[in-house]
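Dear colleague,

Please find the structure below, handed over for your study.

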Amino acid sequence: MIKPLNVKENLKTNKRMVILDTEFTNLYQNHDIKFETLQIGAVKINQKQEIVSSFNAIIKPQMADNSMKRYENFTQLSGNLDIYDTFEEAIKAFCNWLKR
């Protein structure tokens, strides 16, 4: 069983914490769209629970079609999809951000 995260307790023993949020296509509701990550967002917080750094990457869908319109509201996907990072570029940028 996964225990709920207690941020205050965790920050007593760690100097900072990373909170990660991802958005992805929903594999279970629409079998016409393959599962893929569309956005990676994260924040680093310090022991005072202040955000000290943030990361956001919109990912260029590899299986894009007209159905991607449904994801615009929560991923900021819009217009020319070529302007967004590939998944590999986004993960590399995220890992570099984590090291800072």
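**The aromatic cluster and the sheet**

F55, F94 and W97 are linked into a cluster by ring pairs, where rings of Phe, Tyr and Trp (its six-membered ring) pair if their centres lie within 6.5 Å. This is a predicted model, in which local features need pLDDT of at least 70 and side-chain atom pairs count only at pLDDT 80 or more, while totals for chains, interfaces and linings use all residues. Residues are numbered from 1 along each chain as its sequence is written, and side-chain values use heavy atoms, without hydrogens and water.

Three aromatic pairs are found in a search of the whole structure. The ring centres of F94 and W97 are 5.8 Å apart and their planes meet at 25 degrees, so this pair is stacked (planes under 30 degrees apart count as stacked, over 60 as edge-to-face and the rest as tilted). F94 is buried, at 10% relative accessible area, and W97 is buried too, at 2% (buried means under 20%, exposed over 50%, partly exposed in between, with a 1.4 Å probe and protein chains only).

K44 lies over the face of W97, 4.6 Å from the ring centre; a charge sits over a ring if NZ of Lys or CZ of Arg is within 6 Å of the ring centre and within 35 degrees of the ring normal. In β2, K44 stands opposite V18. Strands β1 and β2 (residues 37-46) pair in the antiparallel sense over nine bridges; pairing requires at least two bridges found by DSSP, and strands are DSSP runs (E, at least two residues), as helices are (H or I, at least four), numbered from the N terminus.
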